[in-house]
Amino acid sequence: MNILLGHKFSYLPIDLIGINLPIEKVVNLLLLDSLDDVRVVGICGMGGVGKTTLATALFGHISHQFDARCYIDDLSKIYRHDGPIGAQKQILHQTLGGEPFQICNLYDTANLIQSRLRRLRALIILDNVDKVDQLDKLAVNREWLGAGSRIIIISRDEHILKAYGVDVVYKVPLLNETNSVQLFCRKAFKLDHILSSYEGLVNGILHYADGLPLAIKILGSFLFGRDISEWKSALSRLRESPNKDVMDVLRLSFDGLEELEKEIFLDIACFFNRYWEDYVKKVLNCCGFNADIGLRVLIDKSLLSISDDEIIIMHSLLEELGKNMVQEMSTKESRKWTRVWLHKQLQNVMLENVERKVEAIYIVRYSMDQETDKLIMGETLSKMSHLRLLSLTNIIILGNLSYLSNELRYVEWNWYPFKYLPPCFHPNQLVELNLTDSSIKQLWKDKKYLPNLRRLDLRHSKNLRKMPDFGDIPNLEELDLKGCIKLVQIDPSIGVLKKLYYLSLKDCKNLVNIPNNIFGLTSLQYLNLSGCPKMNKNPIPRQSRTSFWKRTTIGLRSFYGYHEGLASSLVPSFLSLYCLSEVDISFCGLSQLPSAIGCLRQLVRLNISGNNFVTLPNLKELSNLEYLNLQHCMLLESLPQLPLPTFFDHMTKHKTTFKHMKNYYYKRKVGLVIFNCPKLGESEYCDNIAFSWMTQFIWARQQSSSAFFYGNLIDIVIPRSEIPIWFKNQSESGSIRMELSTIMNNNCIGIACCVVFSVEPSDRTVEASDSNSGIFYEFHNNSNRLCWSDGIGVILERGLILVKSNHMYLFYIPKRSFFDIMKSIDQPLTDLDYIIFKAGIYNDKGSDLEVQHCGYRLVYEHDLQDLNLTMMHPENLSTHKGEFLAIEDEAQP
């Protein structure tokens with residue numbers, strides 16, 4: 001046991017990096033100038049983050065101010081060997097010196113501590129506390145210490161600190177980029193800077209360590225004195241076999257978890273790191289894991305965190321620990337392949353004939369290319385009898401599917417290729433079934449009772465003809481049948497679904513009618529009946545409509561408009577629903593929007609595209625508006641007054657009522673879409689509003705701790721023929737090269753990209769099935785392998801484009817998110833010289849499309865400050881437009 005005494009603290013490391021600010025913050029929390037009370041401060045953080053280093057430095061910094069001092073560097077270890085009496089002896093010995101004490105029991109030591117220390121100003125630091133009762137039995141109560149005493153308790157578990165009753169908790173942060181480089185260089189080079197020939201390799205190592213001091217020190221020391229080839233070899237080995245010393249420290253927290261919490265940790269590590277919290281909770285709860293308390297425990301134990309915009313963040317090394325744990329289970333405990341997250345693991349499952357061991361599959365591919373090594377045989381899935389979770393995104397299935405596990409609780413399978421679910425599939429425990437874009441004709445031929453099914457999503461299942469008797473799924477809460485174009489009718493039994501709060505029948509083009517008892521569903525909050533033109537032949541009785549609106553004045557949160565006839569009569573009605581947050585009345589043939597739209601102060605999303613408006617009312621009062629879609633308003637002659645965003649605070653804080661919208665797949669974009677409005681033309685006002693919205697979006701993202709990125713969260717499309725000069729890197733084609741080293745070795749916060757494209761009508765004859773074309777953008781590595789792609793959110797169906805026009809598309813990627821995208825190609829960043837940003841046309845039929853230019857710019861915080869100052873004074877927009885587009889980037893190398 002180390003006995004640490006005195007102001008000159010010999011155990012302080014000489015290479016402390018980034019310690020001054022944490023010391024200053026903890027000192028401020030200790031309120032050392034206050035001598036009238038006893039204060040208790042907790043320090044927590046993940047393993048290896050530097051809690052002990054901070055406490056050690058803090059002891060050396062402030063211990064001279066106290067009459068008695070004690071530092072116990074591993075309380076849990078003392079308890080294991082000597083019990084609480086051993087710990088109490090340490091306190092007495094360190095605070096009172098070598099005086100012999102006759103100690104027989106806890107009562108005697110408690111009396112000694114109370115009688116000897118109550119007249120002294122004492123500093124007591126207790127490191128590595130892993131149970132609350134360790135503190136309770138220690139009998140170091142603040143009431144027994146002299147005035148001005150301070151107790152500091154260090155634990156990985158924040159809950160222990162709060163349960164004991166500390167006054168405040170300080171969470172030790174990861175090292176920032178500057179301190180990470182400095183610490184690594186001191187260990188790897190014995191210098192304060194990177195040797196030039198090692199620069200790319202250092203970036204790769206630091207990306208792997210992700211700010212964790214323990215990993216940086218261990219890896220830096222290991223690489224000291226080694227040549228470049230050995231560094232490359234070590235980096236490659238880290239991806240296959242993580243450093244044991246680092247993993248052993250991190251594993252201590254995992255070993256202290258209960259079994260259910262271990263399952264949650266492993267699911268997040270293998271599947272759900274950097275996914276939306278609500279989506280993860282939903283899936284885990286479907287699996288029976290009680291995710292609310294489970295996630296709270298993991299957060300308290302510093303095994304993960306939740307960002308400001310509700311994204312689960314697990315440190316990359318903890319993620320690696322979890323995946324490594326699953327692999328260890330596969331070899332040491334004969335629990336082979338309980339979780340599968342890569343296609344090659346499925347191949348191992350087949351080779352080893354251990355399909356029955358698999359409990360969860362979650363495989364995502366980012367494009368539907370025809371790589372033969374990404375195929376899955378239906379026969380393999382048919383052998384997995386203990387699956388609880390199955391999620392397959394963009395996976396090609398061959399062969400036959402004769403069986404699915406009856407233990408399944410959550411299924412998410414797009415492009416399901418079969419007409420029916422297997423006849424022997426009896427998923428009594430199934431909570432959620434998502435078969436979007438499937439080939440399903442009917443869910444099952446026979447009756448099946450599913451008492452636990454809460455959500456059924458069959459969107460864009462274009463062969464779906466018949467729904468089951470809803471009496472067999474009595475507890476259904478969400479039903480999404482959007483785009484089921486062969487569905488003709490809804491079974492009247494839908495009236496029994498008293499818990500149904502979400503119903504979408506959008507674009508069910510052949511739906512003739514819906515049962516009137518839908519309007520008696522007392523829990524219904526979301527209803528979408530737009531794009532169902534044949535329902536006009538059998539309209540909803542006026543009495544049903546009237547009673548529906550009266551009942552849902554408070555309950556309904558979102559209304560998505562009917563076809564033209566019914567929309568015209570219902571628009572005035574929904575404007576009385578002041579709590580509406582979403583309105584979509586697109587392509588309803590409306591020629592006027594009532595000025596009362598400005599009264600919907602809670603409105604966040606407004607889609608009025610495809611209507612016949614000439615003018616629009618003032619929308620300036622819609623201060624919460626984050627998405628406005630005006631595309632294909634071909635008669636619109638001028639833009640209304642729009643709210644100038646001052647801070648998209650609500651963008652991350654706004655919570656929709658509907659659980660399905662919290663799923664990360666359906667996280668909706670913010671933005672402004674002004675497309676194919678030929679009478680508007682290009683306008684300076686439009687440019688200014690677009691740049692204002694983009695700037696405020698970036699600023700809001702910068703204030704958030706989230707590093708997650710899945711598709712752009714912003715769409716801005718405006719009429720424009722040229723790329724603004726603000727985008728310093730431009731190309732006269734649809735692709736441009738991005739130097740990866742420039743992005744990595746820079747203090748930029750993200751990348752803004754833009755694409756200019758033209759569209760004009762076409763006389764070509766096109767089959768209806770081929771009319772869905774559009775603009776895409778994507779990133780490729782230097783081997784032309786796809787990293788990421790997405791589509792531009794405009795509708796380009798044949799017949800909508802009547803005149804030629806040019807438009808510009810803007811989007812933004814945070815720097816950290818950009819590197820998360822790069823991870824998807826499973827290629828070391830150090831092996832990449834550059835990335836290609838490319839925009840093009842998919843399904844080049846229908847309207848004539850052409851990508852003309854593209855560009856990008858590295859964005860810095862000072863850019864946002866300059867742009868923000870301009871945007872906060874809208875009267876100066878015209879004067880300053882040229883200035884803010886021409887801002888020079890002083891930080892660019």
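A residue is called buried here when its relative accessible area is under 20%, exposed when that area is over 50%, and partly exposed in between, with a 1.4 Å probe and protein chains only as cover. The model is predicted, so that local features need pLDDT of at least 70 and side-chain atom pairs count only at pLDDT 80 or more, while totals for chains, interfaces and linings use all residues. Residues are numbered from 1 along each chain as its sequence is written, and side-chain values use heavy atoms, leaving out hydrogens and water.

Helix α14, which spans residues 291-300, is mostly covered, with 7 of its 10 residues buried; helices are DSSP runs of H or I with at least four residues, strands are runs of E with at least two, and both are numbered from the N terminus. The buried residues are A291, G294, L295, V297, L298, I299 and D300. Their cover includes the helices α6 (158-164), α12 (259-272) and α13 (277-286), together with the strands β6 (305-306) and β7 (312-313), where contact means heavy atoms within 4.5 Å. Just after α14, S302 adopts a positive phi of about 60°.

On the surface, K419, K441, K445, R465 and K486 form a patch of positive charge; patches take residues with over 30% relative accessible area and no salt bridge, joining like charges within 9 Å and nonpolar side chains (Val, Leu, Ile, Met, Phe, Trp, Tyr) within 5 Å. A salt bridge places a side-chain nitrogen of Lys or Arg within 4 Å of a carboxyl oxygen of Asp or Glu. K445 sits in the loop between β14 (432-434) and β15 (455-457) and is exposed, at 62% relative accessible area.

Definitions and conventions: Accessible areas come from the Shrake-Rupley method with a 1.4 Å probe; for residues, only the protein chains shown count as cover. Lys and Arg count as positive and Asp and Glu as negative; His and the chain ends are not counted. The place of a charge is taken as NZ of Lys, CZ of Arg, CG of Asp or CD of Glu.
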